[in-house]
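Okay, thanks for coming, everyone. Let me put the model up and walk you through a few spots in it.

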Amino acid sequence: MADDYTGDEKGRILVEPGMPLPTYVDGFLRDLDVLDTGSRRSLPSAEAGPHSTTTLIPGPDGISQKYVDFRYEIRPHHVARTTAAPTLTDAPALLDRWVPFSELRDIASRIDRGVDSTGGTTFRQKSVDQFADRIRSREGTSVTGLQLTAGTLNQLLAYTGFGKSVILVETFACWAAIRGIVMAFVLPTNADVVRVTHAVERALQLLGEDTDRSVVPLVSPRALIKVAETSSARASEPGPDADWIWRRFGYGCALAALAESSGTGDDWQPGREPCAKLRSPRPRGRDKRVACPWRSTCDRSRPAREACTADIVVTTHANLLLGLLQTPVDDGGGESDRLTVEELVLRRCQIIVIDEVDLFQQFAIERAGRGLVLDRAGRTNTPLRNFDRDFGEAFGRLHDETDASVRDAFVNLRYLSETYVSHLTYARLGAAGRPGRRRPRGPGRFWMVPRRWDNWLAGKLLGVEPDDVSVSQMNTFRSLFPDGPDIASEAPKGFAEARRQLALVVTPGAGGLAVAAARAALDRLTTAVPEEDRARVVNRILRRVMLERIRISLHSLMANNAQLVDVGVESAQEIAEALGSYNRWQLTPTGPLGRLVFAFTEYFDDTGADPAQLMTTALGGDPHSYVVGLGDTTALAHAGARRIVLGLSATSYFPGAPHHHVHTRPTWWVADDTPGMVRILPAPILDEENRPRRVSGLEGGARDDAITRIAGSLWGTYLRAELERLRVDDPDRARVLLATTSYLAARQVAEGLFSAGVDASRICLAVHPSKDEGGAFTDMGNGRWRELPADRLENFPQLKDADILIAPLARVQRGVNIIGKGDRSALGSVWLIVRPIPLIDEPPELLAHIQAKALAEHSGPSSDPLALLAARRRTAGTYLDEIVRRPPYFQAQPDEVKLGVVAEIINGAVQLIGRARRGGTPAVLHLVDGAFHDGHAGTDFATLILQLREKWRRDGVLNDMRAYYGTTLEAFLTYAAEQTPGASSC
């Protein structure tokens, strides 16, 4: 390049490779493929000789843990047999497919006839007929089938209770199998995988199509035993029996027969077999890590092997996003045991059906935004302290150099994290924000990306504008820090002393008060800085030196994560996952922000009510775009062909909802057109001053007390009369659901009801599922109520006399069918006890809001993709700054954040109401929390609903929303109008 070349008019350097640019780029991509193929290999299998593993197992009390060493003497006949790895068979491209309803109806009718002959329930043909009659195209016209196309997500929206899964899972799977189309079903939970696999297998048998069509349930190998135990414990007609479940999900382990434990008793843990964690000793150097010699033939990896050639694969949201096959597979580039489930599904399957596609997107968001509490004042069970305990118990199990590296990184990490929180508590660090910005006393937080301040700090220290800082000046600035380059000769006077003092700040044993001496040295260094900026410069330098060293120590610690997990320090994996699982290939690894973000957040309450805290935040990826483009660019990258992806949900098109709005218009929809079948009613509990008692916004003991008091008053004010009314009007549905935001809140509601005199037999409390849970219902809680595992809520109607179910929203909002007589919902009404407001500054919440904002304002596609990405980056960055610089209260957030939260509340409420609409029954949602009704700050539910309606109107989507969610949405708008004087629901 010529010395005088300055680039084009936009400051870009133009490259001329001497060949067509696509050819040039393709060459580099081929080189990358070669490198990737060379790095992907299977762990070698164990050879004859002694081997060992270390496992962390629970103690007799189920709470304590202990390390147990296992030794294995592997003999020659154990390794003599060799088996070729299965080959992943790619399905041919299928760019489009017409699915006529007449063919689905014929299959449904044949299944019904087979079921009827065995005494089962027949409903499939009726469901297909209803579906065909009511489904509409994107343009609102009737259709006679589904025209599926590969590429961008095909989205089908149908209200909860309509039965779309009956048609587009069981019946559709049979249709595809008959026509030789390879399919995958991606479902929310492992329980769904068991249910659907059995249903599809049974349907194929009834059709006589099972002879050469394989249906493979693909769940995480570590979950197989738990799935078998849990599912078999609650097996019932018409679902699979225990024999079928254990045949499909159970396995034995040959390695267990060789294991000799260093502990006492039976220490082997089914489900935690060390398939790829055996250590083979070597005369010199560290032990060699090898795999179990039976790994390629045992039943634990059988589903993964069978999936390579399956006709129908059934897996979960989590497994598609995060899963690895964990067994050797020939992927076309050689043998690998690191093949992802995502790649397998996209290469093997021509059509992928994702049930609850908006829930799939939410899970992706939760994985893309991760956080880790480094220290919280007064807490002894932080992740770092748990790691300290586990690492201490694993003493002597690591190689000396690994042990030394981990100790060095961890000592620095824990010391600096705890010291930083101490500095916050005792106000030694000062304010990092702008001077003169007063805020009310109380909880506050500050979001920091320390190196982001470098240009501003360098400019202030060296007397130049931040945008004019040169490379040499930046090097001079960075020489101020202990991890920076040597101090340059042109550095200002005082740099050496300031650097020495800053080094003491991050040196364990130098004393927590070293920050005072460092502050004094920085005060002398910054005498030329304008007075209005001086304190902020000093405070930010102090934070930068500590946080940058914490960052380095964290990544140094995680460099040894594999070795730590191998010796049983599983708390290391918790820390690694919290830093973000960004080592997997993603089409858009950085998302709208244009970079992976690793930030810190400090919390401090100057009233002393809440303890100080320091946590990390890692943001990366673009879950919203990933879901829409899974069958397009992601499929092209993995399979070399686009795939058909069909997303099903009742609520996946919901503009403004940052978690659950899937950013593409529905291809088909079924209108919720049943006027008068849904009502939203206020149900406030008033205090002594006639004000609604609220829960949302309270914390600690005040929140606990409020929930209990509200629940106690709820019985006499509303519930007794409601249940008496239902026994008269609809006795088969004389039950109510009380929804809370947590298991703890659910228990507090139960306590409140019992204290109000409600008979214990009437109260059913959903409790966290236990792996030791048997088949019977239990009367616990000192006889004050019944308890039912939350993964078996569908059994609630079978409980004699029980008519009040209390459950967390996360468990009862989706995927639970509480059915009574006549295949109708057993619930007469639903009561939302607590307003579900998320913590806005949690990493997944931040990620959801900023990415949804960027995509909503710059949806694309564009003829200038670089400009589109730049616009998204600016919007996301500006919006992130606007959110994090505000106090962490709902009322203090930007209006758009508030409307995003209320959109999510309505979205979840639509799903919740669906629990009472099964079989076409009417539903009533009662809003209890006083926070729904308190209009003092303009954040009452009714006001926010009306504001959201106006936003939808401005954005041109209100008519679509009314078409898609007719009955239910009108119920919310009517509620808002009735609660707001002078307002209209139109």
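Let's start with Phe 387, which is buried, at a relative accessible area of 0%; buried here means under 20%, exposed means over 50%, and partly exposed is in between, with a 1.4 Å probe and protein chains only. Before I go on, some housekeeping: this is a predicted model, so local features need pLDDT of at least 70 and side-chain atom pairs count only at pLDDT 80 or more, while totals for chains, interfaces and linings use all residues. Residues are numbered from 1 along each chain as its sequence is written, and side-chain values use heavy atoms, with hydrogens and water left out.

So what does Phe 387 pair with? The ring of Phe 410: the centres are 5.0 Å apart and the planes sit at 50°, so we call the pair tilted. The rule is that rings of Phe, Tyr and Trp (its six-membered ring) pair if their centres lie within 6.5 Å; planes under 30 degrees apart are stacked, over 60 edge-to-face, and the rest tilted. Phe 410 is buried too, with a relative accessible area of 5%. Phe 387 is in helix α14 (residues 383-393) and Phe 410 in helix α15 (residues 400-425), so the pair ties together parts 23 residues apart in sequence. Helices (H or I, at least four residues) and strands (E, at least two) are DSSP runs, numbered from the N terminus. By the ring rule we count 20 aromatic pairs, and ring pairs also link Phe 932, Phe 941, Phe 972 and Tyr 975 into a cluster.

Next, the sheet. It's an open one of eight strands, in the order β4-β21-β6-β20-β15-β7-β12-β8, with mixed pairing; two strands pair if DSSP finds at least two bridges between them. β4 (135-137) and β8 stand at the edges with a single partner strand each, so one side of each has no neighbour in the sheet.

Four bridges join β8 in parallel to β12 (residues 312-316), with Val 215 partnering Ile 312. On β7 (residues 183-187), which pairs with β12 in the parallel sense over five bridges, Met 183 also has Ile 312 as its bridge partner.

That's my tour; over to you.
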